[in-house]
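Please read them alongside the sequence and the coordinates.

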Amino acid sequence: MSKKNQHPQLTGAEIIWATLVGEGVDKVFGYPGGAILPAYDALRKFPIHHVLVRHEQGASHMADGYARASGKVGVCIATSGPGATNLVTGIATAMLDSIPIVCITGQVGSKVLGSDAFQEIDITGITLPITKHNYLVTRAEDIAPAIREAFQVACSGRPGPVLIDITKDAQQATASFNFDAAAPAPYRPHPMLRAESSSIQQAIELIHSAKKPVILAGHGITHSGAEAQVLAFAERQQIPVASTLLGLGAFPTYHPLSLGMMGMHGESWVNHAIQQADLLLAFGMRFDDRVTGNLAQYAPNAKKIHIEIDPSEINKNVRADVALIGDLKEVLELLLPLLESADYVLNQGKAAFGDGVDGNRPSTGDSGSLRQGGATGNVPRATAAWLREIKAMKGDAAVRDIINLPDNGHLYAAHVINDIWREAHAAGRADQTIIVTDVGQHQMWEAQYYKHDSPRSLITSGGLGTMGFALPAAIGAKVACPEKDVWVIAGDGGFQMTASELSTIVQEGLAINIAVINNGFLGMVRQWQEAFYEKNYAASPILSPDFVKLAGAHGIDGAHVKERKDVTPTVTKARTSGKAFLINFQVEKEDGVYPMIAPGSALHEMVRRPAKDPLLETADDK
């Protein structure tokens with residue numbers, strides 16, 4: 001315990017910061033106001049850097065982006081009333097994506113609680129459904145225990161947001177402070193499985209008997225830090241791996257067993273493989289409706305093994321034949337020694353399955369080979385046949401390589417995203433790049449055309465689908481990882497929702513690259529209107545400012561790009577500028593994301609790209 005946190009008597013405001021320092025916090029995101037001013041007055045005494053946001057929603061998204069990029073707990077601060085309610089969208093975003101953030105809000109004095117005092121709002125009541133837990137603190141001596149417990153709750157088990165509402169008089173009062181004495185009771189995880197348990201034995205039997213297994217890789221892999229264990233499991237058992245949107249990067253895209261993204265805009269061969277599978281192994285994912293399609297027709301012939309830390313997710317959407325409840329890394333470490341080894345060698349896998357989704361990635365040598373011991377042998381015959389069957393499903397769609405698309409004068413969003421990925425690889429910065437997307441068509445194109453080989457390299461709002469997320473979340477990511485290249489990829493609609501945070505970028509001196517995919521529409525809304533509402537584009541065309549001039553008004557350089565030949569040079573210019581840079585990419589207005597699963601349809605009932613579309617020539621999803 002640091003001496004700077006051993007204070008016999010402090011104000012409640014000072015206790016807030018002293019406790020945060022004790023928890024290892026050195027960055028917070030916030031906006032001051034009346035009910036939280038005592039805390040801001042005390043901030044100068046503590047080694048914490050405060051990032052001043054332009055809107056409190058930005059603070060919660062920044063804390064979220066910080067947490068996703070760093071793996072630590074993100075912290076945001078706001079005042080009472082509208083300051084607190086402005087955090088709500090960001091809290092809900094963190095809740096649905098299981099992101100550990102702690103939100104501290106000021107509240108009116110305890111004596112006027114319930115009297116509708118100026119800027120009083122019941123923020124604990126409002127956020128009850130969208131937090132793992134929340135607190136109303138009215139005494140200075142309760143502040144440290146509440147904050148310490150909040151950190152434990154936020155990052156233990158299935159992570160999530162926690163809110164602490166602290167009255168103004170609690171901040172102004174004094175109390176004894178002892179960081180160690182304020183420690184919460186030890187966290188008690190779900191009882192660990194035993195090797196001889198019936199569930200473990202049932203799982204082993206299903207895995208050994210499966211002829212067409214598929215691993216479903218979710219966000220829980222990254223939360224658990226189980227990337228190496230998932231890789232070892234897939235290689236030893238020769239099981240192909242499909243990823244959820246938030247699972248992208250948890251299993252390297254370049255690996256021959258990587259199938260790509262599943263679900264509503266997932267790869268066609270991935271969805272077909274899931275529908276034809278006889279065993280699904282769900283690793284840290286929750287069977288979201290965007291993943292399953294019509295539940296009644298989802299993977300009808302497959303047994304399901306669900307490994308999940310949150311018991312409430314078991315059988316919530318899809319019935320599990322075997323449920324293994326616990327931390328994914330620990331469960332896999334228990335399973336691995338019990339499973340018969342296929343003694344996988346990377347070259348054998350390539351012979352059975354092909355070279356993976358990305359045929360252009362630099363050679364990785366034998367990094368994909370991981371011998372675990374056990375009997376030496378070739379890929380099991382049944383599994384090898386399954387891998388060949390999936391390879392045949394891919395056909396010409398095996399590689400989303402659009403570099404050879406004829407330049408017909410139109411710039412497509414797919415061009416832009418694929419070229420950002422290629423430029424990062426060419427510069428040797430692929431493993432040092434974080435992409436932060438907003439929500440909409442560009443988000444799905446990013447998932448399809450940017451190849452993520454490392455965890456925490458994609459930050460996006462999955463469960464809530466929050467427009468306006470990208471720019472502030474990217475600020476949080478850059479604050480967490482200043483040594484990495486951080487790219488915002490946002491649509492012209494979502495970008496305008498939080499564009500005021502451009503000034504936060506400048507004030508903090510952050511070198512963040514911003515790619516605005518500008519098609520003049522709320523693109524995903526327009527695509528749905530085209531497909532399901534007879535092209536009635538009601539309220540989806542959107543007028544935008546000159547984004548380069550807007551960036552310039554904030555003090556950020558920028559450029560317009562309308563042609564394919566200008567994409568890579570401008571991306572390189574942005575990445576090497578050493579400061580923030582915005583690129584307005586004027587792309588094709590009525591392009592669509594394909595494949596697409598219509599509402600109510602089964603996973604295999606995909607809408608394909610129209611036959612006359614120029615992008616059909618791109619080996620996209622023929």
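1. The protein exposes about 23400 Å², of which carbon and sulfur atoms supply 51%; accessible areas come from the Shrake-Rupley method with a 1.4 Å probe, and for residues only the protein chains shown count as cover. The model is predicted, so that local features need pLDDT of at least 70 and side-chain atom pairs count only at pLDDT 80 or more, while totals for chains, interfaces and linings use all residues. Residues are numbered from 1 along each chain as its sequence is written, and side-chain values use heavy atoms, with hydrogens and water left out.

2. Among contacts (heavy atoms within 4.5 Å) with a separation of 6 or more, 76% are between residues 24 or more positions apart.

3. Helix H18 (residues 441-449) has nine of its nine residues buried, so the rest of the structure largely encloses it; Trp 445, Glu 446 and Tyr 449 are among them.

4. In helix H24 (residues 567-576), the residues Val 567, Thr 570, Val 571 and Ala 574 are buried. Because they cover an arc of only 100° around the axis, they lie on the same side of H24, the arc being that of the directions from the helix axis to the C-beta atoms. Lys 573 and Thr 576, on the other side of H24, are exposed.

5. The cover over the buried residues of H24 includes helix H17 (413-426) and strands S17 (485-491), S18 (512-518), S19 (557-561) and S20 (581-586). Just after H24, Gly 578 adopts a positive phi of about 80°.

Conventions
Buried < 20%, exposed > 50% of the residue type's maximum accessible area, 1.4 Å probe, protein only. Helix = DSSP H or I, 4+ residues; strand = E, 2+ residues; numbered from the N terminus.
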